[in-house]
Amino acid sequence: MKSPEPRGVASAALLEWLPQAPDGEAIETLRKAVRAGLGSSAGILADEDLQLTLFCLYELHYGGIDGAHSDWEWEPGLLAVRREMERDFEAALRAAVELPSLEPRDSDGVAAVLFELTAADTGPSVSRFVAKKATLEQAQEFLIHKSVYQLKEGDPHTWAIPRLKGRAKAAMVEIQADEYGGGRPDRMHSALFARTMRGVGLDDTYGHYVDAVPGLTLASSNMMSLFGLHRRLRGAIVGHLTAYEMTSSQPNRQYGNGFRRLGFDEDVTWYFDEHVEADAVHEQIAGRDLAGGLVEAEPELLEDVYFGATAALTLDGMLGEHIIASWEKGESSLRVTAPAPV
């Protein structure tokens with residue numbers, strides 16, 4: 001993606017040094033900036049500078065950042081700095097969630113708990129707002145928030161595949177195969193989302209709107225990368241994906257209806273309509289075979305499965321509250337004015 005604008009001393013230090021080959025001075029400069037940010041931040045979950053820095057560090061493992069030297073991806077000193085940020089980020093996520101009972105359960109029992117968790121989610125409904133009363137500008141803002149993840153949909157969860165085995169691996173592959181269009185590039189969910197963005201006049205280039213979204217939006221994406229990139233957190237990425245699949249079908253129906261209300265046709269709504277059908281199937285596979293199958297094979301991962309699910313619901317709720325509160329005050333939910341529609 002294009003190199004974003006820095007939001008503070010840590011992201012400024014990182015982005016300044018990325019085009020050059022790694023060296024000790026660069027790493028020490030970044031380490032000091034990150035430690036200062038971690039020491040003074042009121043909370044890492046919404047910290048603009050730290051979340052952008054972490055997002056860029058993770059992006060080195062995806063499509064990369066324009067102009068960044070390729071040696072940075074596996075530079076040990078940079079990974080050590082990222083690890084310091086991840087410790088604070090994970091601790092903040094764990095402190096923000098409330099887990100259900102950790103009583104041992106079989107796969108059906110695990111699925112039942114996760115269905116209860118997602119059904120009880122009382123977070124603000126951005127989907128209902130979009131369906132009933134969002135303006136075109138607000139609907140575009142919603143897509144801009146989602147684009148940070150949706151234009152690479154599936155990738156953070158795919159990191160888990162080599163860390164799983166048996167029933168859980170097979171379930172993950174089945175779900176991810178649909179995310180990637182069953183081998184058809186034009187039906188990849190990221191491609192369908194890009195089509196939606198173009199249809200409403202937005203730029204579908206990955207990372208185009210990173211400068212516009214707040215730290216909470218970046219935190220939602222960073223959480224997936226944190227869970228997906230660490231083998232020890234394979235339970236959390238499984239719980240995260242399961243919660244997403246269980247809370248996707250009905251909201252996507254409402255999003256599709258909202259864009260139809262605004263006068264758009266299936267070119268724009270195809271992405272949402274596809275998820276209504278696909279995720280109604282995925283939620284069953286994810287609950288019983290993916291999450292339930294993983295816990296049956298590795299019972300010690302039960303807590304992290306629930307952690308991943310509740311963290312997904314919690315951060316989505318925090319972001320939803322911010323978006324709706326902004327809209328109800330007649331304000332933008334973005335941190336800066338988005339680039340003009342194309």
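1. At 1% relative accessibility, S333 counts as buried, where buried means under 20% relative accessible area, exposed over 50% and partly exposed in between, with a 1.4 Å probe and protein chains only. S333 lies in the segment after α15 (302-328); helices here are DSSP runs of H or I with at least four residues, numbered from the N terminus.

2. This is a predicted model, in which local features need pLDDT of at least 70 and side-chain atom pairs count only at pLDDT 80 or more, while totals for chains, interfaces and linings use all residues. Residues are numbered from 1 along each chain as its sequence is written, and side-chain values use heavy atoms, with hydrogens and water left out.

3. The side chain of S333 has a polar contact of 2.6 Å with the side chain of E141. A polar contact is a pair of N or O atoms within 3.5 Å; within protein, one must be able to donate a hydrogen and the other to accept it, and residues adjacent in sequence count only if both atoms are side-chain atoms. Leaving aside residues up to four places away in sequence, S333 touches E141, H145, P214, H322, I323, S326 and W327, contact meaning heavy atoms within 4.5 Å.

4. G330 is also in the segment after α15. G330 is exposed, at a relative accessible area of 66%. Its C-alpha atom is separated by 30 Å from that of K152, 178 residues apart along the chain.

5. Helix α12 (residues 234-246) has 13 residues and reaches 18 Å from its first C-alpha to its last, close to the 18 Å expected at 1.5 Å a residue; the expected span is 1.5 Å times one less than the number of residues. Because 12 of its 13 residues are buried, α12 is largely enclosed by the rest of the structure. Among the buried residues are R234, H240 and E245.

6. The axes of α9 (residues 166-179) and α12 come within 12 Å and cross at roughly 55 degrees. Axes are lines fitted to C-alpha atoms, for helices over the stretch in contact, and angles run from 0 to 180 degrees between N-to-C directions. The two helices, α9 and α12, are therefore oblique to each other; angles under 35 degrees count as roughly parallel, over 145 as roughly antiparallel, 65 to 115 as roughly perpendicular and the rest as oblique. The crossing of α9 and α12 is left-handed, meaning that the near helix is turned anticlockwise from the far one by less than a right angle, with clockwise giving right-handed. M172, I175, Q176 and E179 in α9 meet V238, L241 and E245 in α12.

7. Helix α5 (residues 107-119) packs with α15 at an angle of about 20 degrees, the axes being 11 Å apart. α5 and α15 are therefore roughly parallel to each other, and their crossing is right-handed. On the α5 side, V110, V113, L114, L117 and T118 meet L302, V305, Y306, A309, T310 and L313 of α15.

8. In α1 (residues 9-17), A10, S11, A13, L14, L15 and W17 are buried. These buried residues pack against α2 (24-40), α3 (48-59) and α4 (76-96). The axes of α2 and α4 are 9 Å apart, at an angle of about 5 degrees. That makes α2 roughly parallel to α4.

9. N252 is found in helix α13 (residues 249-261) and is buried, with a relative accessible area of 7%. The side chains of N252 and S248 are joined by a polar contact of 2.8 Å.
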